[in-house]
Amino acid sequence: MLLHPAGHTRSPAMHRAAYDALGIDAVYLAFDVPPERLEDAIRGARALGARQISVSLPHKEAVLPLLDAVDETARRIGAVNTIVRTGERLVGHNTDWLGAVQAIERERSLGGARAVVLGAGGAARGVVFGLLERGAHVTVLNRTADRAHALARALGAHGSGSLDEIGSIGFDVLVNTTSVGLRSDESPVPAAAIAAGALVMDAVYEPQRTRLLRDAQARGARTLGGKWMLVLQAAEQLRLWTGREAPLDVMAAAFDRASPYPP
Ligand code: ATR
């Protein structure tokens, strides 16, 4: 795994737990790689014969031109979070979008759902792509409305606007991809904007119960923490590499153990 800064990543714990459970003889290591060393790091990974490489922030876009091939989905999203070595070739994929979509689909179907995505950065791109792929009606709202408009245009979302429009938009599914709530007790939207019956998912997982999720629960909405997005995208990484189904509960438990924030 390549990331910068190193931070408190749960990925090694999740992948190692899965390797143990499946009897896969492999190690998963996290390397703190600053942007100016990314090219060297990919060359090094090639030389060392790494089989699967996870790519995290801030490298998900910069890594594309360094690979031998990038699958169609990752190219459309514009970000690679997974590299799999196939023979001598390094092939880029994106599993972030699928992690988000599968997490929601554990709770409800997305076809025809009215979905609002908060944020217009890299995380939002994958989520918006996934929701559209599953047939949801998607509106992108962002603090900087112009970025929301640009993202909506690029991916073909149905609407876009600024965050304060949340109060006037009805939705069945709300996904926060902004960093608001990360290690703070803030929410990107007022509690009153959340209706009972909605499903609210927060990509923020530190803390696991963010202010947004607590507000949503108090309003009678269903809630989903960012943990399952991470577990499910990691499970897909493992499947791409090995073709095997990942032990989700084992990986989720490893996530909890590695987290400084209780579930
Ligand atoms: P990532 O790749 O993780 O999505 P990013 O590209 O830096 O990271 O995007 C961060 C997102 O969080 C953006 O949508 C950003 O809004 P702006 O485009 O207006 O910057 C949003 N964000 C960050 N801090 C915010 C805050 N205090 N209030 C509202 N939105 C915020």
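**Exercise 1. The sheet**

Which residue is the bridge partner of valine 70 in E6?

Solution. The model is predicted: local features require pLDDT of at least 70, side-chain atom pairs count only at pLDDT 80 or more, and totals for chains, interfaces and linings use all residues. Residues are numbered from 1 along each chain as its sequence is written, and side-chain values use heavy atoms, with hydrogens and water left out.

Step 1. Helices (H or I, at least four residues) and strands (E, at least two) are DSSP runs, numbered from the N terminus. Two strands pair if DSSP finds at least two bridges between them.

Step 2. The open sheet has four strands in the order E3-E5-E6-E4, with mixed pairing. Its edge strands are E3 (52–54) and E4 (69–70), each of which pairs on one side only.

Step 3. E4 runs parallel to E6 (residues 89–93), and two bridges join them. The partner of valine 70 in E6 is glycine 92.

Step 4. Isoleucine 83 also stands opposite glycine 92. The strands E5 and E6 are antiparallel and are joined by five bridges.

Step 5. At the other end of the order, three bridges join E3 to E5 (residues 82–86) in an antiparallel arrangement; here serine 54 stands opposite threonine 82.

**Exercise 2. Backbone geometry**

Identify the cis peptide bonds described below and the residues with positive phi, and locate each in the chain.

Solution. Step 1. As a reference, most residues other than glycine have a negative phi, and most peptide bonds are trans.

Step 1. Histidine 4 and proline 5 are joined by a cis peptide bond with omega of about -5 degrees. Proline 5 belongs to the loop between strand E1 (2–3) and helix H1 (11–22).

Step 2. The bond from leucine 57 to proline 58 is likewise cis, with omega near 0 degrees; proline 58 lies in the loop between E3 and E4.

Step 3. Arginine 183, although not a glycine, has a positive phi of about 50 degrees. Its loop connects strand E10 (173–176) with strand E11 (199–202).

Step 4. Glycine 87 takes a positive phi near 65 degrees in the hairpin of E5 and E6, which has two residues between the strands.

**Exercise 3. The domain contact**

How many salt bridges are counted between domain 1 and domain 2?

Solution. Step 1. An automatic or database domain assignment supplies the bounds: domain 1 comprises 2–94 + 228–257, and domain 2 comprises 97–225. Their centres, taken over C-alpha atoms, are separated by 25 Å.

Step 1. The contact (heavy atoms within 4.5 Å) takes 16 residues from domain 1 and 19 residues from domain 2.

Step 2. Buried area is the accessible area (1.4 Å probe) that two parts lose on being put together, summed over both. For the two domains this is about 1,500 Å², with 62% of it on carbon and sulfur atoms.

Step 3. A salt bridge requires a side-chain nitrogen of Lys or Arg within 4 Å of a carboxyl oxygen of Asp or Glu. The count between the domains is one. Glutamate 206 also forms a salt bridge with arginine 10, whose closest N and O atoms are 2.3 Å apart.
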